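Please look through the structure below slowly, with the sequence beside it. The paragraphs that follow take up a few single residues and then turn to the way the chain is divided.

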Amino acid sequence: MSGRLKRAEGAFRQLGAEAALISDGANRRWLTGFSGSSGAVLLLDGTAELVTDGRYTIQAAAECREGVQVVTHRGPLATWLAERLAGVHGPLAVEADHLTVAEMARLKKTLPGLAWLETEGVVAKLRMVKDAEELQAIRRAFQVADQAFSALLPAVAPGISEIELALDLEARMRGAGAGLGFDTIVVSGPHSALPHGQPSGRRLEPGDLVTVDWGATWQGYTSDATRTLAVGRLDPRGRQIYQVVKAAMEAAIRVAKDGVSARTVHEAALAVIAEAGWADRFVHGTGHGVGLEVHEAPSLGARSEDILAAGMVVTFEPGIYIEGYGGVRIEQTGIITEGGAELLSHLATDLQIV
Ligand code: ZN
Ligand code: ZN
């Protein structure tokens, strides 16, 4: 078994499991290399099997790393599992944070004699620190995303709609051979007060704030960046909010490094925003891990117990949102190192009036 599979098996064993069933898509991909949308990994007695269906036989054989046996099965996973686990008493570890209640009930009904161990976040924890190959894919995703945004900038002007801008940005990323990490957010004017608003038909007007949050994927790994622009001009309140958010982001980046608690990073950003009197308008955590998923561990929020470690890739994205007026969010993503955070996007974060 490869290093990742061994580490996963060790982690499940430490929790008391005899075997483990990994069904979450990102975890499955990280463990085996298989990028398909359906299947599960069974870790048992030092072996790793990827069970999938006939649609993926060719793809799974091509993508899976050495040490992973590909099994194609017709019918429910539970039926295959019941045959495969004959004579095994368990406990079999399952991903309680990904299986549905219905899936779990079906497993229990088909394998009545087996002991179960419901686990959460076991593989997600292993995925937090990225290896060189993963970092290379993430860097490439950021290059594509940066280039697409730079090319989009001249189009940001009064009269263009949020949907048109989002579509243009997405087309540029896809045109460069990348995938989309998530649905692009383009929100303008009062609409920019929605941190995760969807692009609408609203057309940009002079004086608007426009927040763009976008990500490209490369070999499954995503970038994540946000910039807020001003159209033509910006009133004093907008300028003040922008400077506070930027200072908060920079404060977070300054404290982030190997060994620092993720909560401390959030507190650094929050302190700047609170000092300016906007604490109640900062309605989310400061950041999150980025990798095969756009939101993954660790979490950089008020309740986080994660400790940053070299090789983690995390975002720094404070924001201030004022209903009826608009909002500002600026998001940088960095690789955690011993000495700090190496930022991945090279786009300016200064206020840009376009
Ligand atoms: Zn984002
Ligand atoms: Zn983000």
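Gln219 is found in the loop between strands β10 (216-218) and β11 (221-222), where helices (H or I, at least four residues) and strands (E, at least two) are DSSP runs, numbered from the N terminus. The phi angle of Gln219 is near 50°, which is a positive value in a residue other than glycine. With a relative accessibility of 56%, Gln219 counts as exposed; the words used here are buried for under 20% relative accessible area, exposed for over 50%, and partly exposed for what lies in between, with a 1.4 Å probe and protein chains only.

All of this is read from a predicted model, in which local features need pLDDT of at least 70 and side-chain atom pairs count only at pLDDT 80 or more, while totals for chains, interfaces and linings use all residues. Residues are numbered from 1 along each chain as its sequence is written, chains are lettered from A and ligands numbered from 1 in the order in which they are written, and side-chain values use heavy atoms, with hydrogens and water left out.

Asp45 counts as exposed, at 58% relative accessibility. As background, most residues other than glycine have a negative phi, and most peptide bonds are trans.

Leaving aside its neighbours within four places in sequence, Ala148 is in contact (heavy atoms within 4.5 Å) with Leu169, Arg172 and Met173. His73, by comparison, is 75 residues from Ala148 in sequence and 41 Å from it in space, C-alpha to C-alpha.

The chain as a whole is divided into domain 1 (3-127) and domain 2 (132-353), with bounds that come from an automatic or database domain assignment. Taken over C-alpha atoms, the centres of domain 1 and domain 2 are separated by 34 Å, and six residues of domain 1 are in contact with eight residues of domain 2. Between them the two domains bury about 610 Å², 44% of it on carbon and sulfur atoms; buried area is the accessible area (1.4 Å probe) that two parts lose on being put together, summed over both.

Across this interface the rule finds three salt bridges, a salt bridge being a side-chain nitrogen of Lys or Arg within 4 Å of a carboxyl oxygen of Asp or Glu. Glu296 forms a salt bridge with Arg127, and the closest N and O atoms of that pair are 2.6 Å apart. The elements that give two or more residues to the side of domain 1 that touches domain 2 are α2 (25-32) and α6 (122-127), and α2 gives the most, with three residues.
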